[in-house]
Structure formats: structure tokens, C-alpha cells
Amino acid sequence: MIELTLGFILDLIIGDPENPFHPVRGIGWLASKLEVLARRIFKNLLKIGGLIVWLFTILITFFVTLEIVNIAKKINIYFGIIIEGILIYFCISSKGLVVEGKKVISFLIKNDITGARNQLSFIVGRDTKSLDEQGIIRAVIETIAENMSDGVIAPLFYAGIFGAPLAMAYKAVNTLDSMFGYKNDKYRDFGYFPAKLDDVFNYIPARITGVLIIISSFILRYNYKNSYKIYKRDRYNHTSPNSAHPESAMAGALGLKLGGANYYFGKLVEKPTIGDELKKIEISDVYKTSSILYVSALIGYVLSMLISKLMSSFIF
């Protein structure tokens, strides 16, 4: 429980560190090496190859993290607690999401829409060159809301169950989906299982996130009744089984319409809308989204502590 607290506080203070030694970079390096090997062995069975790479990457990540924590605690229990806390910190990105969103908004405040489009392109997959100010703000809110689950609540959830090893294994699941979960010719088969298994691991956290956003809206005196209403109505309005849960609750809390058609690699992709347009979208909505994220993260942290306590009682 101390490790969870340390990891959570470090994230709030420092945010997501950009350095070549970040564990997620190591996970990505391992997965890319395994991909090359798997494509040679499973030339005509790429779905199986993708599953094998997924399995090996997850297991290696879990057991290497477990061994690091165990060795550190054998050296000194307090040293071990610090190491595990730091590893949990690497898995959470609440401040990082807010910082990246505000970087985009900072350009809009200076009326630099070109700069805002360029900055936005670093955090979204859609084409940004033709987006107007409202489209940019909408994209930032959608990105923060969707990533609240896999960037904040899910790591806390899995850390509560089994500390840094399971939290880091979850980050590997998330990383593999980011690397291979595309529906193009190269990854349609190879990325099939990494994408599906990412949906499985995010199933519970996404739904917890949706509920936490509603609760946070109540605490912050936003439109929590509408948040609940839109969550119930639109939580499945997405090609992903999980993404619309946090987005729908956020859209309702802010009185906005999210989702809809966007261009990806020059091609218009039609998507369902989420929420009702009760007001014009504006820059202040990004700050409200950030407030909801931080309150949800705090509640998520308390929930993860309760899960950790429960797991400790169950195991011991």
C-alpha cells in the first residue's frame, strides 16, 4: 500500500518522464524483436505468431518486474518499497495526460491554430491539418477521457491486485495494442490477439472509469445527472467495447457532443456521436476535463488501496 501511494504521488508531482530508460520503451523494444522472430517462424499463421509474441512479452515483463522488486526488497525492505513505488509510478500518467492536453490549448490561447494542430498530432491518430478550433478542443477532451482508463485507472486497478508486476504487465498489454492493434494489411492478422486481449484487460477498468467520472462530476458540481444519462445511453457508441464508457460520461458531464466522423490517413471514417450538444465547446472545457481526471484519479487511488487491502487479507 505504501508502494501504491508513492507511485501515485510521484505521478502527480513529476508526471510522465521522457527518457530512453523508461520501462515502456524496454517493453516496446522486446516486442519489436519478438515480432521479427515470430514473422519468420509463423509466416502463414500470423494470428498465432501475434498471440505468441503477446504471451511472451507479458510473461517476461511480469516476471522481470517481480524479480527486480524481490531483489530490491532482499537488499533492504525500504529500498524495495521505493523501487516498487517508482515502477508503479512509471505505469500511471494522470499528470502526463493533462500536460499534453494543455500544450495543445496553449497554442489556441495564442491564436496559433497551426501550432495547435501540430501539437495535437502527437497525441491523436486522426488527421489534424484541417481541424478548426472546436475540432481541436474536442479531440483533446476525447483523448484525455479515453486515456483516463488505460493511463490512470487501469494501472491503479492492477497495481492494487498485485503491485508493480501486474501493473507493468498491464502496460505491456497496452503497449502491444498500440504497436500491433491496427487493421491494416501488415497487422490485421498479427495484431488480432493483442487488440482483442487489450479489450479484455480494459473491460473492467473502462467501466470503473465511467462511474468515477460521474462521481467526480457530482463532487465538482458539474452536470452529474446528465453524465449518468449519457453514460447509460451512449456507452457503447464506439467501435471499441470500452472507449465510449469514459467518453460518454465526460460528454454528459460537460454537456458536449463528442465522437463523430474524422479523417484518418486522408480517409473519412464515420463514427457514432457521443452526448448532446447542450453548449458550444470551448477551451474552459479542457480545464474541466482535467479537473474530472484528477478527482477520478484520486478516487481510483483510494479504490486501488482498498483492493490491495482486500488482496492482502485474502492471500495472507
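**Close-up views of a predicted model**

**View 1. Gly 252 is found in helix 10 (residues 244-254).** Helices here are DSSP runs of H or I with at least four residues, numbered from the N terminus. This is a predicted model, in which local features need pLDDT of at least 70, side-chain atom pairs count only at pLDDT 80 or more, and totals for chains, interfaces and linings use all residues. Residues are numbered from 1 along each chain as its sequence is written, and side-chain values use heavy atoms, with hydrogens and water left out. Is Gly 252 buried or exposed? At 0% relative accessibility, Gly 252 counts as buried (buried means under 20% relative accessible area, exposed over 50%, and partly exposed in between, with a 1.4 Å probe and protein chains only). Leaving aside neighbours within four places in sequence, Gly 252 is in contact (heavy atoms within 4.5 Å) with Asn 223, Asn 226, Ser 227 and Ile 230. Look for Ile 274 as well: Gly 252 and Ile 274 are 22 residues apart in sequence, and their C-alpha atoms are 8.6 Å apart in space.

**View 2. Helix 2 (residues 23-41) and helix 7 (residues 133-180) cross at roughly 55 degrees, their axes coming within 10 Å.** Helix 2 is therefore oblique to helix 7 (angles under 35 degrees count as roughly parallel, over 145 as roughly antiparallel, 65 to 115 as roughly perpendicular, and the rest as oblique). The axes are lines fitted to C-alpha atoms over the stretch in contact, with angles from 0 to 180 degrees between N-to-C directions. Which residues make the contact? Helix 2 brings Pro 23, Val 24, Ile 27, Gly 28, Ala 31, Ser 32 and Glu 35, while helix 7 brings Met 168, Lys 171, Ala 172, Thr 175, Leu 176, Met 179 and Phe 180.

**View 3. Ile 137 is among the residues with the most contacts inside the largest nonpolar core, alongside Leu 120, Ile 141 and Met 250.** This core has 79 residues (a nonpolar core is a set of buried Ala, Val, Leu, Ile, Met, Phe, Trp, Tyr and Cys residues joined through side-chain atoms within 4.5 Å). Helix 7 gives the most to this core, with 25 residues. Beyond its neighbours within four places in sequence, Ile 137 is in contact with Ile 105, Leu 108, Ile 281, Glu 282, Ile 283 and Val 286.

**View 4. Asn 111 sits in the loop between helix 5 (94-109) and helix 6 (113-120).** Its phi is near 60 degrees, a positive value in a residue other than glycine. Asn 111 is exposed, with a relative accessible area of 70%.

Key: Helix = DSSP H or I, 4+ residues; strand = E, 2+ residues; numbered from the N terminus.
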